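Here's a quick tour for someone new to reading protein models. Keep the picture open and hop between it and the notes as you go.

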Amino acid sequence: MSHSADDLVWVPTIDRSAGPVYRSIADALEEGIRAGHVTPGTRLPPQRLLARKLGVDFTTVTRAYAEAARRGLVEGCVGRGTFVCANRAAPPMPPDPRHAAHPADLQMNAPPLPMGRGLQDDLRHDMGAFAAELDLDLLLRYQQVGGSQADRQAGARWLEGRLAVPAERVLVCAGAQGALLASLSVLCEPGDVVCCEALTYPGFRSLAAHLRLRLAPLAMDGDGLLPEAFEEACRTHRPKALYCTPTLHNPTTATQPLDRRKALVAIARQYDVRIIEDDAYGALAPDAPPPLAALAPESVFHVSGLAKSVSPALRIAYLAVAEPRQVSRLAAAVRATTGMASPLTTALATRWIDNGKAASIIAGIRQETAARHAIARETLPSGAVEASPCAFHLWLRLLNEWTRGEFIMRLRGTGIGIVGSDAFAVSTPPEAVRVALGAPKDRQGVREALRQVADLLAEAPAMSSMVV
C-alpha cells in the first residue's frame with residue numbers, strides 16, 4: 001500500500017543528542033499536543049513512513065509510539081493506524097509501578113546469569129586473584145595486534161572439540177563484530193555481493209551497509225538456509241562471500257544438519273566463494289554437527305566469540321583464518337579497524353579458558369537456559385514457538401492476525417520489550433518476533449514476562465484495543 005504526503009501530518013524535530021531517539025520522538029509528540037500543534041484525533045504517520053522520513057530504524061519508531069501509548073498520548077486502532085487520544089484534559093494514568101521502573105526487557109540476546117551461588121563466589125575470588133597477579137605491562141604498554149602467542153594458543157584451546165586449528169591461524173579480535181569487520185574488509189570491496197540468510201544478525205547488516213556491500217538473501221526452512229538457494233545465488237550474483245550462522249541461528253534458533261553443511265561447503269568450493277561462519281553460540285550446543293570450518297578449512301573464516309557463551313562483558317572473539325597467507329592481511333585489517341582487543345579483557349579470557357572457569361560458566365548458562373525453556377514450554381503456545389533447548393532466545397510466530405508492529409507496541413505498553421523480525425530481515429519480514437530468555441534477572445521475571453506475552457498473543461488485535 002502506498003502512502004501520500006498527506007500521511008505526514010506530523011513530523012517531529014528531534015534532538016539526537018538528548019538520550020534515546022525513541023524517547024525524543026515521544027517527547028516531541030507530547031510537546032506538540034501540549035502546544036496545540038497536534039490535535040486530538042490526528043492520525044499519526046505510518047511507522048515505516050515516519051522511520052524513512054527521520055532516517056531511523058523501524059523499531060525506533062515502534063518504540064516511540066509504544067512510549068507515547070504508555071503516556072496516554074495515543075491509541076492504536078487495528079487496520080486504521082495510530083491516533084492522538086481525544087481526552088487530554090486529565091493527566092495520563094500513572095504507569096503501573098511494576099513495569100515503569102524496571103520494564104521486562106526481552107530484547108537483548110544476552111546469556112542468563114548462572115544462578116549457582118558457588119560459581120558466582122568462585123568467579124569473584126578468581127577476579128581478585130587475577131588483579132593481584134596482573135602484569136603491569138598489560139596496563140602500561142600496547143600489546144601485539146591479533147594477540148600474543150599465549151592468547152592465540154588459548155583461542156585454539158577454546159575451539160578444541162569443535163575445530164582443530166593451529167594457534168598461528170588464530171587472531172584475537174575485539175569481539176565478533178571486530179572479527180566480522182576485518183573479514184569483510186579483506187574479502188570484499190564496495191559493491192560486491194555477499195550472500196546471507198534471509199533473516200540474519202543485525203550487526204552484520206550494519207557492517208554490510210557501512211562497507212557498501214550488496215546483500216543477497218537466501219531462503220530458509222526449519223533447518224536453516226537452503227543449499228539450493230545458495231547455489232542459485234552463486235550462478236546469478238557471483239558473490240564474494242557467504243555469511244551464515246549454522247548453529248543456533250539468530251533469530252530462528254535453527255541448527256543446520258550435517259548433510260546440509262556438506263552441501264554448502266561443496267557449493268562454496270565449486271564457485272570459489274569464501275564463507276564467514278559466525279559461531280557465536282556454538283559452545284552452547286555440544287551435540288551440534290561439526291562447524292563448516294572443520295569441513296572446509298581452506299574456505300571458511302570461523303568467528304567464535306565469548307560474549308554469547310561466557311559473558312557479554314568479554315568482548316573477545318577468536319578468528320580462525322581460512323588460509324595461512326591471509327593471516328597477515330587479517331591482522332592488518334584488525335590494526336586498521338579496531339587497533340587491538342583490550343589486553344585486560346584478553347588476559348582474563350585466556351585465564352578463564354586455561355583454569356576451567358569458562359567451561360564452568362558455560363555449564364551454568366546451559367543449566368539456567370534449560371530451566372527458562374521449561375517455563376516457556378509451560379507458558380507459550382507450542383505451535384507458535386520455534387526454539388532449541390540450547391538457545392537462550394525464542395522465535396515466536398504471531399497468531400490471531402497480529403502484525404509485528406502492533407504486537408510490539410501493545411506489549412511495550414505493558415512494560416515488556418521484544419524485537420520484531422524487521423531487525424533481522426534482508427527481504428520481506430515475516431510476522432514474527434524474537435524473545436530473549438536470558439535478559440530477565442531471574443526465572444520469576446521470565447515467567448511473569450512470558451505470561452504477558454502469552455495473554456496478548458491469545459487475544460485478537462481488535463479485542464485488545466481501547467479505541468471508542
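The buried residues of H2 have cover that includes helix H1 (21-35), helix H3 (58-70) and helix H16 (404-413). Keep in mind that this is a predicted model, so treat everything below as computed from that prediction.

- Helix H2 takes up residues 47-54, and its buried residues are Gln-47, Leu-49, Leu-50, Ala-51 and Leu-54.

**A four-stranded sheet**

- In what order do the strands of the open sheet sit? The order is S13-S14-S17-S16, and the pairing is antiparallel.
- At the edges you'll find strand S13 (385-386) and strand S16 (419-420), each of which pairs on one side only.
- Strand S14 (residues 393-397) and strand S17 (residues 432-436) run antiparallel, and five bridges join them.
- You can check that pairing by eye: His-393 faces Ala-436 of S17, while Arg-397 stands opposite Ala-432 of S17.
- On the other pairing, S16 and S17 also run antiparallel, joined by two bridges. Here Val-419 stands opposite Arg-434 in S17.

**How enclosed is strand S17?**

- Five of the five residues of S17 are buried, so the rest of the structure largely encloses this strand.
- Here's a handy rule: side chains in a regular strand alternate between the two faces of the sheet.
- Which residues of S17 go on which side? Ala-432, Arg-434 and Ala-436 are on one side, with Val-433 and Val-435 on the other. Both faces are covered, and these residues are all buried.

**Cysteines without disulfides**

- How many disulfides does a search of the whole structure find? The count is zero.
- Take Cys-195: the closest cysteine sulfur to its own belongs to Cys-234, and because the two are 5.6 Å apart, they are too far for a bond.
- For Cys-196, the closest cysteine sulfur is in Cys-195, but at 7.6 Å that is too far for a bond as well.
- Cys-195 is buried, with a relative accessible area of 0%, and Cys-196 is buried with a value of 0% too.

**A lysine tucked away**

- Lys-357 belongs to helix H15 (residues 357-379).
- Is Lys-357 buried or exposed? Its relative accessible area is 13%, so Lys-357 is buried.
- Who does Lys-357 contact, leaving aside its neighbours within four places in sequence? The list is Asp-122, Leu-123, Asp-126 and Trp-352.

- As background, most residues other than glycine have a negative phi, and most peptide bonds are trans.
- Arg-212 isn't a glycine, yet its phi is positive, at about 60 degrees. You'll find Arg-212 in the loop between helix H9 (202-210) and strand S6 (214-218).
- With 60% relative accessibility, Arg-212 counts as exposed.
- Leu-248 is another residue other than glycine with a positive phi, near 50 degrees. At 1% relative accessibility, Leu-248 counts as buried.
- Where is Leu-248? Look in the loop between S9 and H11.
- Pro-251 is found in the loop between strand S9 (241-244) and helix H11 (258-271). The peptide bond leading from Asn-250 to Pro-251 is cis, and its omega is near 25 degrees.

**A nonpolar patch on the surface**

- Which residues form the nonpolar patch on the surface? They are Leu-136, Leu-139, Leu-140 and Leu-344, and together they have about 400 Å² of accessible area.
- One of them, Leu-140, lies in helix H6 (residues 137-140).
- Why does Leu-140 count as exposed? Its relative accessibility is 68%, and exposed means over 50%.

Methods: Residues numbered from 1 in each chain as written. Predicted model: local features only at pLDDT ≥ 70, side-chain atom pairs only at ≥ 80, totals over all residues. Heavy atoms only, no water. Patch = residues over 30% accessible without salt bridge, like charges linked within 9 Å, V, L, I, M, F, W, Y side chains within 5 Å. Areas by Shrake-Rupley, 256 points an atom, 1.4 Å probe, with all protein chains shown as cover. Salt bridge = Lys/Arg side-chain N within 4 Å of Asp/Glu carboxyl O. Buried < 20%, exposed > 50% of the residue type's maximum accessible area, 1.4 Å probe, protein only. Pairing = 2+ DSSP bridges. Disulfide = S-S within 2.5 Å. Contact = heavy atoms within 4.5 Å.
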